[in-house]
Amino acid sequence: MFSSSIDPLPDILKFPSGFSNTTGFVAVDDTHKLIVISIQGTQAKTNLASVLTDLQIDRVNTPLCGTANKNDGCEVHMGFYNAALDVQATVTKAVAAAKAAHPDYKVVATGHSLGAAVSALLATMLRNAGTNVDLYTYGQPHLGTVDISNYIQSQSPSKGTNFRITHFNDVVPQLPPHDLGDWDHYYPEFFINIDKGTVGTSNVVQVNANLFSKAGNEGKTSGLGVIVDILTGVDAHGLYFGKISGCNSAAP
């Protein structure tokens, strides 16, 4: 039975939303007893707004960290934050409906690239509102600096577990560059330490750190500057346990 104040959720609720045209879905997975929030990454050919979201790299103060904001006011990448705000109400309502119908199901948020950044912020918002969320991100760029990184890290495991997954020299988790404004990450990081080939358990290294560590992906820069890093690291961005595009029915 659904609460009278909550509309039933279809098996999959898809959405593009807001000025950012943030695209994704909330789905009920009865096989694994999950409520899945998935956010699409940058789509240069079909969603120009997603590219503009990536480029809005100014940081804005946010209320996400509550009182744990003493270092920088819980600054977050403006584009990512606005994209999360654009879908926050839709996602919150959908998750509430799904939880009302399936109170024993776990909530999981996931995404790749831009989608990883937005899903991380949505998970933070839902956790702040009292819903535990396990977070799985792939190729996530930096969200902000000290406060947001420490805060998301502090939410695990009591409010959900964090799994931030990176691949070899994928350049996107290194952007915006740490040296250009102290951009940081939350940890642990699960670092795939081979460029190509079948990924085994021995190829996924857990990096435990605070804010910034070169023990994983951040240490896989060329040393020749960000332009070279982009040119040499972009291929790895599309490979996470297989081709990311392989999930698309229209994939090449």
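**Stop 1: the cavity lining**

Select β2 (22–29), α1 (48–55) and α3 (114–128): each supplies at least two residues of the lining of the largest cavity. Helices (H or I, at least four residues) and strands (E, at least two) are DSSP runs, numbered from the N terminus. This is a predicted model, in which local features need pLDDT of at least 70, side-chain atom pairs count only at pLDDT 80 or more, and totals for chains, interfaces and linings use all residues. Residues are numbered from 1 along each chain as its sequence is written, and side-chain values use heavy atoms, with hydrogens and water left out.

The structure holds one cavity of 30 Å³ or more. About 70 Å³ of space lies in the largest cavity. On a 1 Å grid over the protein atoms alone, a cavity is a set of points where a 1.4 Å probe fits but cannot get out, and lining residues have an atom within 4 Å of a point. Grid points are joined across faces, edges and corners, and a volume is the space filled by probe spheres set on the points.

Now colour the lining by class. The lining of the largest cavity has four nonpolar, nine polar and no charged residues. Ala, Val, Leu, Ile, Met, Phe, Trp, Tyr, Cys and Pro count as nonpolar, Asp, Glu, Lys and Arg as charged, and the others, Gly among them, as polar.

**Stop 2**

Axes are lines fitted to C-alpha atoms, for helices over the stretch in contact, and angles run from 0 to 180 degrees between N-to-C directions. Angles under 35 degrees count as roughly parallel, over 145 as roughly antiparallel, 65 to 115 as roughly perpendicular and the rest as oblique.

α2 passes α3 in a right-handed crossing. A crossing is right-handed if the near helix is turned clockwise from the far one by less than a right angle, and left-handed if anticlockwise.

Show side chains. On α2, the residues that meet α3 include Phe80, Leu85, Val91 and Val95. On α3, their partners include Leu114, Val118, Leu122 and Met125. Contact means heavy atoms within 4.5 Å. This contact divides into 15 nonpolar, two polar and no charged residues.

**Stop 3: α3 against α4**

α3 and α4 pack at an angle of about 60 degrees, with their axes 11 Å apart. That makes α3 oblique to α4. The crossing of α3 and α4 is left-handed.

Thr124, Arg127 and Asn128 in α3 meet Tyr151, Ile152 and Gln155 in α4. By class, the contact has two nonpolar, three polar and one charged residues.

**Stop 4: backbone checks**

Most residues other than glycine have a negative phi, and most peptide bonds are trans.

- Ser156 to Pro157: a cis peptide bond, omega near 5 degrees. Pro157 is in the loop between α4 and β8 (162–167).
- Tyr187 to Pro188: a cis peptide bond, omega near 10 degrees. Pro188 is in the loop between β8 and β9 (189–192).
- Asp182: a positive phi, near 60 degrees. Asp182 is in the loop between β8 and β9.
- Phe241: a positive phi of about 55 degrees, although not a glycine. Phe241 is in the segment after α5 (226–237).

**Stop 5**

Finish at the second largest pocket, with a volume of about 290 Å³. A pocket is an open set of points with protein on both sides within 12 Å along at least five of seven lines. Of its 16 lining residues, select the closest to the centre: Pro177, His178, Asp179, Thr221 and Asp229.
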